[in-house]
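Take a look at the model first.

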Amino acid sequence: MPEPELRFAGTLESFFYERVAQGKTGSSLPAEVGAYVVHMLADHVRRTSIAGRTSGPLALQYLAAREQQGTRRAQALRAVGDRALFIAGVVPHSVDRGPVDLRYVRSIGTSAYRQIGEPRVFHVLAATFEAAAEAISEATDSCPDGDLLGLYERWQKYGDPRDEQRLGAAGVVLVRGRRSDEMH
């Protein structure tokens, strides 16, 4: 079965630029990190296999990248960092069913970017990894603001602080301390 074709006016980069720039976190990222995030997202849309589950365990990819030398090492570490950033920003709940958690994915991504010598953007990206992941989440979140019940159910299931912040921004007061959290 052929994959559906994605069509819209403009380029993928322009689409993601608008989405990242409109988000609270994306608009506050350093310019070079924002640009990197936009291009990384566009690249992942064009080559969907690079972030998928068929790529093998992230930790093994990271260890293999560290064993490389020179330019190959930098390219391999970048691939690890990009994959970790994509997972943390687009599909953070995909690791909930596995043996690792989101903090582990973030630490691998941060470490991979930090080990790349040049250009400087990778060191800035390592320092702002969580903010970059949040900007990606804001830009790609499939949960529309109008679906508060869906957002609440997702927060209740996973307890993601980002979902809690979105609920609070929408005026939802979460009451803790009872058998289960309640939405008011």
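## Thr110 and its contacts

Start with Thr110. Beyond its neighbours within four places in sequence, Thr110 is in contact with Ala126 and Phe129. The model is a predicted one.

Thr110 belongs to helix α5. Is Thr110 buried or exposed? Its relative accessible area is 14%, so Thr110 is buried. The cut-off for buried is under 20%.

## Helix α3 against helix α5

Helix α5 spans residues 102-114, and helix α3 spans residues 58-67. Two packed helices are described by the angle between their axes and the distance between the axes. For α3 and α5, the axes come within 11 Å and cross at roughly 15 degrees. Angles under 35 degrees count as roughly parallel. That makes α3 roughly parallel to α5. Their crossing is left-handed.

Which residues of α3 and α5 make the contact? From α3 come Leu58, Ala59 and Tyr62. From α5 come Tyr104, Val105, Ile108, Ser111 and Ala112. Seven of the residues in the contact of α3 with α5 are nonpolar, one is polar and none is charged.

## Helix α4 against helix α7

Now a second pair. Helix α4 covers residues 70-90, and helix α7 covers residues 129-140. The two pack at an angle of about 55 degrees. Their axes are 7 Å apart. Roughly parallel needs an angle under 35 degrees, and roughly perpendicular needs 65 to 115. α4 and α7 are therefore oblique to each other. The crossing of α4 and α7 is right-handed.

On the α4 side, the contact is made by Gly81, Ala84, Leu85, Ala88, Gly89 and Val90. On the α7 side, it is made by Phe129, Ala132, Ala133, Ile136, Ser137 and Thr140. How do the residues of the contact of α4 with α7 divide? Eight are nonpolar, four are polar and none is charged. Phe129, one of the α7 residues in this contact, is also in contact with Thr110.

## Val124 in helix α6

Val124 lies in helix α6, which runs over residues 121-127. With 13% relative accessibility, Val124 counts as buried.

What is Val124 in contact with, leaving aside its neighbours within four places in sequence? The partners are Pro30, Glu32 and Val33. Leu29 gives a distance to go with this. Val124 and Leu29 are 95 residues apart along the chain. Their C-alpha atoms are separated by 10.0 Å.

Terms used
Residues numbered from 1 in each chain as written. Predicted model: local features only at pLDDT ≥ 70, side-chain atom pairs only at ≥ 80, totals over all residues. Heavy atoms only, no water. Axes fitted to C-alpha atoms, helices over the stretch in contact; angles between N-to-C directions. Helix = DSSP H or I, 4+ residues; strand = E, 2+ residues; numbered from the N terminus. Parallel < 35°, antiparallel > 145°, perpendicular 65-115°, else oblique. Left-handed = near helix turned anticlockwise from the far one by under 90°. Contact = heavy atoms within 4.5 Å. Nonpolar A, V, L, I, M, F, W, Y, C, P; charged D, E, K, R; others polar. Buried < 20%, exposed > 50% of the residue type's maximum accessible area, 1.4 Å probe, protein only.
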